[in-house]
Amino acid sequence: MGNLFCCVKINQSTVAVRERFGKYDDILEPGCHCVPWVTGSKLAGLVSLRLQQLDVRCETKTKDNVFVNVVASVQYRVLANKAYDAFYKLSNPRTQIQAYVFDVIRGAVPKLELDDVFEQKNGIAKAVEDELEKAMSAYGYEIVQTLIVDIEPDEHVKRSMNEINAAARMRLATNEKAEAEKIIQIKRAEGEAESKYLSGVGIARQRQAIVDGLRESVIGFSVNVPGTTAKDVLDMVLITQYFDTMKEIGASSKSSAVFIPHGPGTVHDVATQIRDGLLQASHQQS
C-alpha cells in the first residue's frame with residue numbers, strides 16, 4: 001500500500017539511501033517519505049545507525065612459541081553524516097574489520113611472551129582500536145571501543161601452567177608449615193627449659209629447707225641431750241629416714257625399688273662413706 005501511494009516509512013536509528021534512475025539522490029531520515037517511483041526514485045537500501053559488535057577469534061603464536069587464540073570484541077557504528085560512504089564505499093564492513101584485527105594481533109602478539117600477552121592485553125586492544133579507527137573512518141564508520149575479551153593458550157600449555165602454579169603454592173604451603181612447626185618446637189623447648197628451671201629452683205629450695213631443718217635439729221638435740229655430738233645426731237636422722245623409706249616402699253604394692261646391701265647397719269656404712277668423702281674433699285681443697 002505504501003509503494004502504491006509512493007510513501008515509505010524509515011524506522012528510528014536507521015537512514016535510507018534514495019536513488020533516482022540508479023544514481024544517488026538523497027539520505028532519508030527516520031519518518032515518512034514520498035518516493036515517487038513513477039519519476040524513477042527508489043530506495044537503494046537501509047543503513048543502521050545502531051551500535052554493533054563483532055567478535056573476532058584470531059590464532060597466533062607468542063615469542064616463546066606458544067599458540068594462543070585471542071578473542072577481540074569490536075564495537076562500531078555508522079556515522080549519520082557519513083551514511084553515503086558507509087553504503088557505497090564498503091560492501092562488507094565485518095570482513096574488513098576482521099582483516100584489520102587479524103593484522104594487528106598477529107603483528108603484536110609474536111613480539112611478546114605468553115605472560116606478557118596477559119599483562120599487556122589492554123595495550124593490544126588499544127593498538128587494534130587505533131588501527132581500525134584510521135582505516136574505517138574513511139568509510140563512514142566509528143570504532144567506539146575494542147576489547148580483548150579472552151586469551152586461550154593451548155590446552156596442554158594451560159595444564160602445564162596450572163601444574164606450575166600448584167607446585168609453587170604447594171612449596172609455599174610447605175615452607176609455611178615448616179616455619180609453623182619450627183615455632184612450635186622453639187616454644188616447646190622454651191617451655192621445657194622454663195619448666196626445668198623452675199623445677200630446679202624448687203628442688204634447690206627444698207634441699208635448702210632440709211639442710212636448715214637438719215641444722216636446727218642437730219643444734220636443738222645437742223642442747224637438750226648433753227654429751228651428744230653432731231655425728232650422733234646425723235646417724236640417728238639417717239636411721240630414721242631409712243626406716244621411713246622402707247615403710248613407704250613396703251606400703252606400695254607396685255614398688256620396684258631394691259636396696260643392695262640391705263640392713264639397718266648399711267646406714268652406718270653410707271654415713272661413713274659420705275663423711276669420708278667430705279673429709280677427702282676438704283683435704284684436697286686445703
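Mentor: R18 is buried, at 16% relative accessible area (buried is under 20%, exposed over 50%, partly exposed in between, with a 1.4 Å probe and protein chains only). This is a predicted model, where local features need pLDDT of at least 70, side-chain atom pairs count only at pLDDT 80 or more, and totals for chains, interfaces and linings use all residues. Residues are numbered from 1 along each chain as its sequence is written, and side-chain values use heavy atoms, leaving out hydrogens and water.

Trainee: Which residue does R18 meet in a salt bridge at 3.8 Å?
Mentor: D26, with the 3.8 Å taken from N to O. A salt bridge here is a side-chain nitrogen of Lys or Arg within 4 Å of a carboxyl oxygen of Asp or Glu. D26 is partly exposed, at 31%.

Trainee: How many salt bridges does a search of the whole structure find?
Mentor: Eight. One of them links R57 and E152, 3.1 Å from N to O. R57 lies in strand β6 (residues 52-61) and E152 in strand β8 (residues 141-153), so the pair ties together parts 95 residues apart in sequence. Strands are DSSP runs of E, at least two residues, and helices are runs of H or I, at least four, numbered from the N terminus.

Trainee: And what about D130, what is its partner?
Mentor: K126, with the closest N and O atoms 2.8 Å apart. D130 is partly exposed at 37%, and K126 is partly exposed at 44%.
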